[in-house]
Amino acid sequence: AAPHELFLYMQREVRQIVGDKSLEFHKLRRLAEHRTRQGSTRNEVSIDDIYDTLLSMSDIPPSFKEHLIELEFNTELKYCRAREFGFKLFSHAVNQGKRIICVSDFYYGKIFLRRLLDATGYGSLVDVYVSTDFGESKSEGTLFKHVFHHLGVPPSKILHVGDNRASDVVNAEKFGFKTFFHPRAMAILAGLPIFKESWSSM
């Protein structure tokens, strides 16, 4: 599923919380993030920034902000699952005694992401580097320099695994990282003949 589909799952409960049965929350939330990114001077924004923008665009009282953020995170937690192949890679690296970290473009900070990783079986990660904590991102390529500087390890000794070819492969390789591309599930599905045939017949 696309990340923004999470907001559709939230919509009914958000309407109950704010007392507005017609609120198009899924549209409002996406637009708020878009506008926040457009207006930011940093390479990454935070969940607080996004909800500040959302509140300024709507009649939702500011007192609901923390409740809505917590709802979004809990919904993320509810639907997030480890991918089988990715988890096998992770488990193999753990068994080999490798030092494993997480590098993520995410508007939640390290504390939230740690909770998410713990819940999906990735609790043995050594450290987590999140774009919003640095104001830098993988998508811009600038987050990678913080990683190898902090680790004190040459980039050539780091294998970066990811599902975004531009951010996780091209940008990581610019900094000298070795990379392994693991396509998103939907990208794999879209490439299957049966999917293409079903889609073209609709």
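Buried means under 20% relative accessible area, exposed means over 50%, and partly exposed lies in between (1.4 Å probe, protein chains only). These legends show a predicted model, in which local features need pLDDT of at least 70, side-chain atom pairs count only at pLDDT 80 or more, and totals for chains, interfaces and linings use all residues. Residues are numbered from 1 along each chain as its sequence is written, and side-chain values use heavy atoms, with hydrogens and water left out.

**View 1. Arg-29 is a buried residue in helix H2.** Helix H2 covers residues 25-39. Helices (H or I, at least four residues) and strands (E, at least two) are DSSP runs, numbered from the N terminus. Arg-29 has a relative accessible area of 0%, so it counts as buried. Its side chain makes a polar contact of 3.3 Å with the side chain of Tyr-107. A polar contact is a pair of N or O atoms within 3.5 Å; within protein, one must be able to donate a hydrogen and the other to accept it, and residues adjacent in sequence count only if both atoms are side-chain atoms. Neighbours within four places in sequence aside, Arg-29 is in contact with Phe-7, Ile-47, Ile-50, Tyr-51, Leu-54, Glu-72 and Tyr-107. Contact means heavy atoms within 4.5 Å.

**View 2. Thr-53 sits in helix H3.** This helix spans residues 47-56. Thr-53 is buried, at 18% relative accessible area. Residues up to four places away in sequence are not counted here; beyond them, Thr-53 touches Ala-32, Arg-35 and Thr-36. Gly-121 is 68 residues from Thr-53 along the chain, and their C-alpha atoms are separated by 33 Å.

**View 3. Strands E1 and E2 pair in the parallel sense.** E1 holds residues 101-104, E2 holds residues 127-130, and four bridges link them. Two strands pair if DSSP finds at least two bridges between them. Val-103 has Tyr-129 in E2 as its bridge partner. From E1 the chain passes through helix H6 (residues 110-119) to E2, in a right-handed β-α-β crossover. Right-handed means that, with the strands pointing away from the viewer, the path from the first strand over the helix to the second runs clockwise.

**View 4. Strands E3 and E4 also pair in the parallel sense.** Four bridges join E3 (residues 159-162) to E4 (residues 178-181). Leu-159 has Lys-178 in E4 as its bridge partner. With helix H9 (residues 165-174), these strands make a right-handed β-α-β unit.

**View 5. His-182 lies in the loop between E4 and helix H10 (185-190).** His-182 is buried, with a relative accessible area of 13%. A polar contact of 3.4 Å joins its side chain to that of Arg-83. Not counting residues up to four places away in sequence, His-182 touches Arg-83, Phe-85, Gly-86, Gly-162 and Asp-163.

**View 6. Cys-80 and Cys-102 are too far apart for a bond.** A disulfide is a covalent bond between the sulfur atoms of two cysteines. Here it is taken as a pair of cysteine sulfur atoms within 2.5 Å. The whole structure has zero disulfides. Cys-80 is partly exposed, at 26% relative accessibility, whereas Cys-102 is buried, at 16%.
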